[in-house]
Amino acid sequence: DSHSNYRRMSRSPIKLVSFDSTGTLLRVRGSLGKHYVAPLRSRGVKVSATDEASLVRHFLKAFKQMNAKSPNFGYGHQPSSMWWRSLVKQTFANSTISVPGNIDMDHVGDELFESFKSGDAWEQFEEVDDVLSEIRSLGLKIVVLSNFDERLPIIMKNKAMDTRFDKIFTSVGLGLEKPQRTAFQAVLNASGVSDPATALHVGDHEEKDYDSAVNAGWNALLLDRDGRFSDASGPSNHHRKIISSLKEVVAFVKQHNSSTV
């Protein structure tokens, strides 16, 4: 059971630390709405600030719809660029923005797909560099495990972050998505780590990052930068190890490994 799992883990020093990407290491610079309406504005379409602000809601709804219909960015069925093209169209179709008929939304989708490869579209959280350096100084392997398409390694390279990791695993690259247990197993196999109890995953999603890692036999930390889970009492969160900054990862690893020597 999970209790004996945790007892076993407490005897195993951590050798590998895995991070989720979006919301953990990186976030979109500025508002998503601003990025999404930029190709329309450049084509002369007037978009109000209210419409721009509401676009995130329409994006999230479209993302949920697309992911249910075609999981993992269309892996095995279509290129991820085509998946995102459909998502962009669905986002604007859900919205109150009136797009003139002469605008080719396929081109808009392709333009957005390319623009999000740019390092300028993203910013890394301020503590990331220091935290990665400290973890590296402990002699541990560091990887990324993210539900993302093939652009993530390019984005990381454009942000000069790629060399900080031993490997960047994406769900499209693996053909496996979190919360699938096999995604975590694939990371262990590719990293030369045999015991999941010597691995730690850090991310900001309860099921996809925390619960799935624990179910795969890993240690896990749930990142909660904005206090989303702080008042979530009851059975869903009392057992999860919650941190508010990645700085706490270093302290956790040091404490964990010192108690296992």
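Rings of Phe, Tyr and Trp (for Trp, the six-membered ring) count as a pair when their centres lie within 6.5 Å; planes under 30 degrees apart make the pair stacked, over 60 edge-to-face, and the rest tilted. This is a predicted model, where local features need pLDDT of at least 70 and side-chain atom pairs count only at pLDDT 80 or more, while totals for chains, interfaces and linings use all residues. Residues are numbered from 1 along each chain as its sequence is written, and side-chain values use heavy atoms, with hydrogens and water left out.

Start by selecting Tyr36, Phe59, Phe63, Phe73, Trp83, Trp84, Phe92, Phe116, Trp122 and Phe148: ring pairs link them into a cluster. The whole structure holds 14 aromatic pairs.

Now zoom in on Tyr36 and Phe59. Their ring centres are 5.6 Å apart and the planes sit at 75 degrees, so call this one edge-to-face. Tyr36 belongs to helix H2 (residues 32–41) and Phe59 to helix H3 (residues 49–69), so the pair ties together parts 23 residues apart in sequence. Helices here are DSSP runs of H or I, at least four residues, numbered from the N terminus.

Buried or exposed, what is Tyr36? Tyr36 is buried, at 3% relative accessibility (buried means under 20% relative accessible area, with a 1.4 Å probe and protein chains only). Phe59 is buried too, at 12%.

Phe92 is in helix H5 (residues 80–94), 56 residues from Tyr36, and is buried at 5%.

Last stop: select Arg225 and Phe125. The charged end of Arg225 sits over the Phe125 ring, 3.6 Å from its centre (the cut-offs: NZ of Lys or CZ of Arg within 6 Å of the ring centre and within 35 degrees of the ring normal).

Note on methods
Helix = DSSP H or I, 4+ residues; strand = E, 2+ residues; numbered from the N terminus. Buried < 20%, exposed > 50% of the residue type's maximum accessible area, 1.4 Å probe, protein only.
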